[in-house]
Every structure is written in structure tokens, then in C-alpha cells.
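Here is a quick tour of one protein fold, written for someone who would rather look than calculate. Have the viewer open and follow along.

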Amino acid sequence: MQSIVVSAKIEEMNKVTGFVSEILEANQCSMKARIQIEVAIDEILSNIIRYAYEGKTGDVMVECDIRDGVACIRFIDSGIPYNPLTKEDPDVTLSASEREIGGLGIFMVKKSMDDLRYEYRGQRNQLTMMKRIV
């Protein structure tokens with residue numbers, strides 16, 4: 001896997017997106033899959049930046065690998081333990097004004113990726129997403 005480590009700051013998001021995009025392009029990723037992956041990266045990183053370190057500074061490692069036409073992207077941080085996959089999905093049948101705030105972004109990630117996994121190992125959150133790119 002190739003990896004990049006950035007500070008958990010909003011201004012670092014373009015570095016991560018560019019890093020993953022280069023790998024996707026080199027592996028003939030379809031435009032649809034690329035857009036879905038980039039949206040998912042934005043959502044996952046935004047959540048890490050906003051919540052993982054509770055206002056303190058920290059780093060995020062992003063690993064990316066392509067095998068057999070599937071992109072595997074892993075986000076690793078040493079922030080507070082949190083599994084976003086256990087959050088109940090929002091009721092999308094309700095209007096925006098009737099829904100509780102939060103949860104829509106991770107819901108979109110769940111729906112657009114082929115597989116999502118979370119584990120807390122070695123004092124670090126590890127969220128892995130997989131998406132067929134062709």
C-alpha cells in the first residue's frame with residue numbers, strides 16, 4: 001500500500017484527494033467510481049478533522065492500494081475511539097427539517113462504497129473502504 005500522512009486540518013484535504021486520485025488514474029478508474037471515492041474521502045476526512053482529536057492537533061494516515069480492480073483506502077488516526085459504522089442510518093424518508101442533524105454523510109459513504117470496515121487496533125481508529133474501480 002502507498003500512504004500519506006497529513007495533519008488533521010481542513011487545508012490538508014486536497015493533498016489526500018490528490019494522492020488517491022493519482023493512484024486511481026494510474027489504474028484506469030472509472031469516472032463514476034472516482035467521484036464516489038472522492039466524495040467518501042471528503043466525508044471521512046472531514047469527520048476525522050472535526051471530531052477525532054477534540055480540538056487538539058493530530059495526524060491522519062491514508063493508505064491506498066488497488067488490487068484486482070478494487071481500490072482499498074484506509075484512514076488511520078489516533079484520536080478518540082469511534083466507529084462511525086455503528087451510527088444508526090438517518091431516516092431519509094423524512095424531510096430535511098424533520099431529520100436529526102448528522103449522519104447523512106456516513107450514510108452516503110455506506111451506500112456508495114462496496115465495503116466498509118472499522119477496527120480499533122493499537123490505540124488507533126482504522127476505517128477501510130473498498131470500491132470496484134472498473
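## Ground rules

Two strands count as paired if DSSP finds at least two bridges between them. Helices (H or I, at least four residues) and strands (E, at least two) are DSSP runs, numbered from the N terminus. This is a predicted model, so local features need pLDDT of at least 70 and side-chain atom pairs count only at pLDDT 80 or more, while totals for chains, interfaces and linings use all residues. Residues are numbered from 1 along each chain as its sequence is written, and side-chain values use heavy atoms, with hydrogens and water left out.

## The overall layout

The protein has 3 helices and 5 strands, and along the sequence they run β-α-α-β-β-α-β-β. Of the 134 residues, 43% are buried (under 20% relative accessible area, with exposed over 50% and partly exposed in between; 1.4 Å probe, protein chains only).

The 5 strands make an open, antiparallel sheet in the order 1-2-3-5-4. Strand 1 and strand 4 (115–121) sit at the edges with a single partner strand each, so one side of each has no neighbour in the sheet.

Strand 1 and strand 2 run antiparallel and are joined by 6 bridges. In that pairing, Ser3 stands opposite Glu63 of strand 2.

## Helix 1

The buried residues here are Met13, Val16, Phe19, Val20, Ser21, Ile23 and Leu24. They pack against strand 1 (2–7), helix 2 (31–52), strand 2 (59–67) and strand 3 (70–77).

## The largest pocket

The largest pocket holds about 480 Å³ of space. On a 1 Å grid over the protein atoms alone, a pocket is an open set of points where a 1.4 Å probe fits, with protein on both sides within 12 Å along at least five of seven lines; lining residues have an atom within 4 Å of a point. The volume is the space filled by probe spheres set on the points, which are joined across faces, edges and corners.

Its lining has 22 residues, with Asn47, Ile48, Tyr51, Tyr82 and Pro84 nearest the centre. Helix 2 gives the most, with 9 residues.

Notes: Contact = heavy atoms within 4.5 Å.
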